[in-house]
Amino acid sequence: MRVSARRVLTGLLILAGLFTLTQFLRFCLPCRQPSQGAGEPVTVLVRDGWTVSSDVPMVFVGGVPRSGTTLMRAMLDAHPAVRCGEETRVVPRILGLKLGWAAEKEGVSTMVLDRAVTAFLLQIIAGHGEPAPLLCNKDPFTLKSAKYLAHLFPNSKFLLMLRDGRAAVYSMISRRVTIGGFDLSSYRDCLAKWSRATQAMLTQCTQVGSKRCLAVRYERLVLHPRSTLQTVLKFLGLPWHEGVLHHEEAIGKPGGVSLSKTERSTDQVMRPVNLDALTRWVGHMPPDVMADMDAIAPMLQRLGYDPRANPPNYGQPDPQVLNNTQRMSMKGSQTER
Amino acid sequence: MRGQKVSILLGCALLCSASLLYLGLSGIDCPPPDHAHRHTWADAHLSSTNQSQASPIYYGEDTPLIFIGGFPRSGTTLMRAMLDAHNAVRCGEETRVIPRLLAMRASWSRSARERVRLDEAGVTDQVLDSAVRAFLLEVIIGHGEPAARLCNKDPFALKSLSYLARIFPQAKFVLMLRDGRATVHSMISRKVTISGFDLTSYRDCLTKWSRAVEGMYSQCQGAPEGSCLPVRYEQLVLHPEEEMRKLLSFLGLPWDPAVLHHEDLIGKAGGVSLSKVERSTDQVVNPVNTDALSKWVGHIPSDVLHEMDDIAPMLARLGYDPLANPPDYAWPDPIIPPNNYTLLQRTETPHPS
C-alpha cells in the first residue's frame with residue numbers, strides 16, 4: 001500500500017494528539033509523591049562516632065496511655081538486643097508540629113520537611129539512651145502517626161497496646177494522670193475520648209499493615225506473658241530471651257531497663273508482671289455511664305470487651321503470673337491502683 | 001475507504017483508553033518541584049572543594065551558617081536577596097518552620113519542671129541541641145541550591161539568636177534594624193499579619209516592635225565577639241556599596257559586585273530565588289532604592305507621635321530621633337552602645353548638691 005503524504009500527516013497528528021493527551025493527564029491525574037526512599041536515607045551523627053540512619057530497624061510502642069505501654073517497653077528493654085528507654089515527651093510534639101505545618105503552605109517542600117523531622121527524631125530516639133541493634137521508642141500517642149512514621153522509617157515496626165477502656169480510664173482518673181484532651185472529672189468524657197483515640201490508632205495500624213503493625217492486648221500480656229512475648233519477638237524478628245519474663249531484675253542495669261523517676265507507671269513497672277491492675281476498675285464506673293457504656297465507647301465492643309460485663313472474663317492467668325501476684329500480696333505491698 | 005477510517009479511529013480510541021488505564025493504574029511520579037533538589041552537605045562540600053572523599057561527611061555543628069533576621073518589614077528580604085546574588089552564598093526563601101521549631105525548643109527550656117522530666121528521660125540539653133541542629137541543617141541544606149556558604153532568612157529566628165550562636169559556634173548573624181515607625185507603617189498599610197500584633201493600632205504595634213527589637217538587639221550584643229552584625233536598613237539603601245563591603249568583610253567573603261545588582265539575578269541559577277507568597281517579593285524585584293524610607297511620615301496618629309519615646313524606647317537607643325518626623329537618615333545618630341546608654345540615663349537624673 002502506498003503511503004500517501006496525507007496518511008503520514010494524519011499519523012503524525014494522531015501521535016501529537018496522544019502525546020499532548022498524556023502530558024495533560026500527567027497534570028490531571030493525582031501523582032505519586034516520590035517516596036523518601038527515592039533519596040538517600042537520613043543519617044545523623046549521634047555521638048562519639050556513632051551514626052544512625054533512618055533505614056535502621058526500629059520499633060515504636062504506643063497506644064492510649066494507661067494501656068500497658070510502659071510494661072511492654074520495659075519487657076522489651078530486658079531483651080539484650082533492644083533499647084527503648086523512657087518516654088521522650090518531645091517525639092509526639094514534633095509530630096504534632098509537623099501535622100500543623102502540613103496544612104499550611106510552608107516555605108520548604110514536603111520532602112525536605114520529612115527529612116528534617118526524621119533527623120530530629122533519630123537524634124532524640126538514638127541519643128537519649130544507649131546504642132542497641134534494635135532501637136525502640138515509647139511515647140504513647142506516636143501511634144496516631146504510625147503511617148507517617150512508617151514512611152519516614154522504612155524498616156520500622158509498630159506495637160499498639162490495647163486495653164479494656166474502662167480499666168485505662170479508671171487508671172488515669174484514680175491516679176490523676178493528666179492527658180491532653182481528657183477531662184479527668186468525667187468518666188463519660190474520658191471513655192468517649194479513649195474510644196476515639198483507640199479507633200484512630202487502630203486505623204493507622206491497619207493501614208500500616210499486619211507485617212509492620214501488631215496490636216497487643218494488655219490483658220493477654222499479663223495473663224500469658226510467655227506466649228504473648230513469643231508472638232511479639234517473632235513479629236520483631238528477634239530470638240527468644242528469658243529475661244523478658246523477668247524485666248524487674250534488669251531495672252537500672254546496663255543494657256537493661258532504664259526508668260524515669262517522673263513517669264507515672266514507674267512504681268508499677270518496678271514489680272514483676274502481675275494481675276493487680278486487671279479488674280480494679282470494677283465498681284468504680286458511675287451507673288449512668290455503665291448504662292450507656294456501648295454508646296459512649298463503641299470501641300469496647302469492637303475490640304471484644306463486653307460493654308455490659310463488669311468485668312468481662314479476660315481469661316485464666318499463667319501459673320507464673322499468679323505466683324508473682326500472690327508473692328506481692330503476701331509481701332504486703334501498699335494498695336496500688 | 002470508510003471501513004479504513006473507522007478502523008483507524010477505533011485503533012486510536014483503543015490506544016487512548018489503554019494509555020489512560022495504564023497511567024491511572026500505575027500512577028505517575030510527581031514532577032519534582034523547582035527547589036526540591038536534595039543536596040547533602042557532602043554534595044555541597046564536594047562541589048566547593050573539588051575533591052572526592054572516601055568517608056561520608058556528616059552534618060556538623062561547625063557549619064559556618066549565616067542567619068539573617070530582625071523584625072519583619074526591616075529589610076530582611078532585601079538583605080538576603082543581595083547576599084543571594086553573591087556567587088558563594090545561597091539563602092533562599094523563608095522556611096517558616098525554623099522559627100517555629102526554635103520557639104518550641106525555647107518553651108521546653110523555660111519550664112523548670114519540664115526540664116527535670118526531660119533530663120530524667122535522657123533527653124538532655126545536649127540531645128535536644130543535636131536534634132535541633134540536625135533539623136535546621138536538613139532544612140537549610142535541602143531548601144535550595146548548594147553553595148559554599150549557606151544562609152537562612154527567617155525574621156523571627158533571631159529571637160533565638162543566643163541559642164543559635166551556642167549550637168552553631170561558627171555561625172554569623174546579620175540583624176536588620178530599621179526605624180520602627182517605618183516598620184510599623186509598612187506592616188499596617190500592607191496588612192502584614194504578625195501574631196500578637198493589633199494592626200488597627202500604631203501604639204500597640206510600636207510598643208511590641210520596641211520590645212521585640214530590644215530582645216533581638218541585646219542577644220546580638222551578647223553574642224560572641226564578631227559573630228553578630230547589626231545592619232541598618234536606611235544605611236543599606238542609602239549607601240549600599242559601603243554597607244555591603246562592610247558586611248562581606250564581616251562574613252569573611254570576597255567582594256562580588258553582583259550584590260549591588262541583585263535584580264539582575266532573580267530566578268536565575270545561582271542567583272536569587274523568590275517566593276510567590278512572601279510579602280516583600282514585589283518590592284525586592286526592583287533594584288535597591290530609597291522609596292520606602294519615609295513613607296510613614298504623616299501616617300502616625302498625633303497622640304502616638306507625642307508619646308513616641310515612651311511608647312518605643314528602642315527608637316532613641318538605636319539612634320532614631322523619636323521626635324523627628326522623619327529623622328535625617330543620611331546623617332544617622334550613632335547606635336548608643338549599652339554602657340553609654342546607662343551613663344546617659346544616670347547623668348539625666350538630677351543630683352542633690
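User: Which conventions apply to the numbering and to the values?

Analyst: Residues are numbered from 1 along each chain as its sequence is written, and chains are lettered from A and ligands numbered from 1 in the order in which they are written. This is a predicted model in which local features need pLDDT of at least 70, side-chain atom pairs count only at pLDDT 80 or more, and totals for chains, interfaces and linings use all residues, while side-chain values use heavy atoms, with hydrogens and water left out.

User: How many salt bridges are there over all chains?

Analyst: A salt bridge is a side-chain nitrogen of Lys or Arg within 4 Å of a carboxyl oxygen of Asp or Glu. Over all chains, this rule gives a count of 27.

User: How many residues apart in sequence are the parts tied together by Lys138(A) and Glu87(A)?

Analyst: Lys138(A) and Glu87(A) form a salt bridge whose closest N and O atoms are 2.6 Å apart. Lys138(A) belongs to strand β5 (residues 134–138) of chain A and Glu87(A) to the loop between β4 (82–83) and α3 (90–103) of chain A, so the pair ties together parts whose separation in sequence is 51 residues. Here helices (H or I, at least four residues) and strands (E, at least two) are DSSP runs, numbered from the N terminus.

User: Is Lys138(A) buried or exposed?

Analyst: Buried means under 20% relative accessible area, exposed over 50%, and partly exposed in between (1.4 Å probe, protein chains only). The relative accessibility of Lys138(A) is 0%, so Lys138(A) counts as buried.

User: Which residue forms a salt bridge with Asp164(A)?

Analyst: Asp164(A) is buried at a relative accessible area of 0%. The closest N and O atoms of the salt bridge are 2.9 Å apart, and the partner of Asp164(A) is Arg166(A).

User: Which residues are joined into one network with Glu114(B) and Arg117(B)?

Analyst: The side chains of Arg117(B) and Glu114(B) meet in a salt bridge of 3.5 Å, N to O. Both residues lie in helix α5 (residues 112–120) of chain B, 3 residues apart, about one turn of the helix. Arg117(B) is partly exposed, with a relative accessible area of 22%, whereas Glu114(B) is buried at 9%. Through salt bridges that share partners, the network also takes in Arg89(A) and Arg93(A).

User: How many disulfides are there over all chains?

Analyst: A disulfide is a pair of cysteine sulfur atoms within 2.5 Å. By this rule the count over all chains is 4.

User: Is the disulfide of Cys84(A) and Cys136(A) right-handed or left-handed?

Analyst: Cys84(A) and Cys136(A) are joined with an S to S distance of 2.0 Å. Cys84(A) lies in the loop between β4 and α3 of chain A and Cys136(A) in strand β5 of chain A, so the pair ties together parts that are 52 residues apart in sequence. Both cysteines are buried. The torsion about the S-S bond is about 95°, so the disulfide is right-handed.

User: What is the torsion about the S-S bond of Cys205(A) and Cys213(A)?

Analyst: A disulfide joins Cys205(A) to Cys213(A), S to S 1.9 Å. Cys205(A) is buried at 6% relative accessibility, and Cys213(A) is buried at 7%. The disulfide is left-handed because the torsion is about -105°.

User: How many residues apart are Cys91(B) and Cys151(B)?

Analyst: Cys91(B) and Cys151(B) form a disulfide with their sulfur atoms 2.1 Å apart. The link is right-handed, with 95° about the S-S bond. Cys91(B) lies in the loop between β2 (89–90) and α4 (97–110) of chain B and Cys151(B) in strand β3 (residues 149–153) of chain B, a separation of 60 residues.

User: Which side chain does a polar contact of 2.8 Å join to that of Ser280(B)?

Analyst: Ser280(B) lies in the loop between α11 (240–251) and α12 (281–284) of chain B and is buried, with a relative accessible area of 12%. A polar contact is a pair of N or O atoms within 3.5 Å; within protein, one must be able to donate a hydrogen and the other to accept it, and residues adjacent in sequence count only if both atoms are side-chain atoms. The side chain joined to Ser280(B) at 2.8 Å is that of Arg73(B).
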